[in-house]
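Q: I've got this model open and want a quick tour. Can you take my questions as they come?

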Amino acid sequence: MILHAARLSLANLFAPETRGVFWKVIGLTVLALVVIWFGLRETFVAFAWPWLQGAVMPDLPEWAGWLTFVFGIIASLGLALGLALLLAPVTAIIAGFFLDDVAEVIEKRDYPAEPPGTALPLGQAISGSIKFLGIVILGNLIALFLLFIPGVNLVAFFLVNGYLLGREFFEFAAMRYRTPAEARLFRAKHASTVLLAGLLVAAFLAIPIVNLLTPLFAAGLMVHLHKALSRKDSGFSLRQN
């Protein structure tokens with residue numbers, strides 16, 4: 001079921017109907033990451049670097065000047081790591097604005113005989129995305145601390161992002177057909193399936209460059225998965241549109 005939903009989602013990534021949303025998501029994601037990168041860099045240069053020069057590298061002899069270069073490289077790697085950890089919340093917040101666009105394309109393209117879902121109210125979509133942004137940042141901070149524990153670091157990354165992204169994208173997809181409370185209950189009932197799908201999203205997120213498409217892939221995956229689970233578990237009544 002999950003692999004079938006993933007295959008359909010990948011097929012929709014480059015479909016002509018998705019092209020408009022594709023470029024919007026890519027553009028906004030890249031723009032957000034560039035802004036965050038410069039923000040992190042300027043913050044480091046303004047506050048952390050002067051402290052490092054004064055406390056860690058005071059009065060270096062001329063022959064040890066190469067240490068400044070080494071610390072610069074380490075700092076750049078640290079900034080890149082911070083940016084990588086922020087990629088998940090950035091994709092989540094952007095997806096909050098485009099999930100309905102992706103869902104509408106998929107519903108028209110792959111489920112033309114079924115009633116379409118209802119777009120989330122803008123206020124609800126924004127508040128949900130902001131709330132989730134905080135949760136994902138907190139989760140990734142925990143994963144960051146666990147990075148220093150061998151054998152746990154990668155597991156922590158996949159579990160944290162798999163659970164959080166799976167939950168968020170699935171509930172977004174479910175709320176096109178269900179009340180928020182019913183969407184959460186439906187997700188909780190199929191928690192193991194949603195988690196496995198979320199782990200697939202986390203794996204997609206771990207692929208450089210390709211991970212810029214995470215919002216589109218995750219949204220499509222969860223729309224298809226929600227459709228499949230709804231057919232399998234028809235005991236949950238869909239909201240009438």
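A: One note on the annotation first: UniProt positions follow the numbering used here, feature names are shortened, and annotations may be inferred rather than shown by experiment.

Q: Which residues does the "transmembrane region" annotation cover?
A: The unreviewed UniProt entry gives residues 21–40, 66–99, 132–160 and 194–223.

Q: What am I looking at, and how is it numbered?
A: This is a predicted model, where local features need pLDDT of at least 70, side-chain atom pairs count only at pLDDT 80 or more, and totals for chains, interfaces and linings use all residues. Residues run from 1 along each chain as its sequence is written, and side-chain values use heavy atoms, without hydrogens and water.

Q: How much helix is there over residues 21–40?
A: The chain is 100% helix and 0% strand there. The end C-alpha atoms sit 28 Å apart. Helices (H or I, at least four residues) and strands (E, at least two) are DSSP runs, numbered from the N terminus.

Q: And what about residues 194–223?
A: That stretch is 73% helix and 0% strand. Its end C-alpha atoms are 12 Å apart.

Q: New topic, the core. Which residues in the largest nonpolar core touch the most other members?
A: F170, L213, L216, F217, L221, M222 and L225, out of 46 residues. Here a nonpolar core is a set of buried Ala, Val, Leu, Ile, Met, Phe, Trp, Tyr and Cys residues joined through side-chain atoms within 4.5 Å. Buried means under 20% relative accessible area, exposed over 50%, partly exposed in between (1.4 Å probe, protein chains only).

Q: Which elements give two or more residues to this core?
A: α1 (2–13), α2 (19–56), α3, α5 (153–174), α6 (180–189), α7 (191–205) and α8 (214–232). α8 gives the most, with nine residues.

Q: Let's zoom in on F170. Where does F170 lie, and is it buried or exposed?
A: F170 is in helix α5. Its relative accessibility is 0%, so F170 counts as buried.

Q: What is F170 in contact with, leaving aside neighbours within four places in sequence?
A: F186, R187, V194, M222, L225, H226 and L229. Contact means heavy atoms within 4.5 Å. F170 and M222 are 52 residues apart along the chain, yet their C-alpha atoms are separated by 5.1 Å.

Q: And what does L225 touch, beyond four places in sequence?
A: M1, I2, A5, F170, T193 and A197.

Q: How many aromatic pairs does a search of the whole structure find?
A: Two. F170 and F186 form a stacked one, 6.1 Å centre to centre with 15° between the planes. That pair links helix α5 to helix α6, 16 residues apart. Both F170 and F186 are buried. The rings of F204 and F217 have their centres 4.3 Å apart and their planes at 10°, so this pair is stacked. F204 is in helix α7 and F217 in helix α8, so the pair ties together parts 13 residues apart in sequence. F204 and F217 are buried.

Q: What counts as a pair?
A: Rings of Phe, Tyr and Trp (its six-membered ring) pair if their centres lie within 6.5 Å; planes under 30 degrees apart are stacked, over 60 edge-to-face, the rest tilted.

Q: On to charges. How many salt bridges turn up in the whole structure?
A: Eight. The cut-off is a side-chain nitrogen of Lys or Arg within 4 Å of a carboxyl oxygen of Asp or Glu.

Q: Which residue does E171 meet in a salt bridge?
A: R187, at 3.0 Å, N to O. E171 lies in helix α5 and R187 in helix α6, so the pair ties together parts 16 residues apart in sequence. E171 counts as buried at 11% relative accessibility, and R187 counts as buried at 14%.

Q: And what does K189 pair with?
A: D233, with the closest N and O atoms 3.0 Å apart. K189 is in helix α6 and D233 in the segment after α8, 44 residues apart. K189 is exposed at 52% relative accessible area, whereas D233 is buried at 12%.

Q: What about R109?
A: R109 forms a salt bridge with D110, with the closest N and O atoms 3.9 Å apart. R109 is partly exposed at 35% relative accessibility, and D110 is partly exposed at 29%.

Q: Which residues are linked in a network of salt bridges?
A: D100, E107 and R176. E107 sits in helix α3 (residues 66–110). E107 counts as buried, at 5% relative accessibility. Beyond four places in sequence, E107 touches P112, P116, G117, R176, Y177 and K227.
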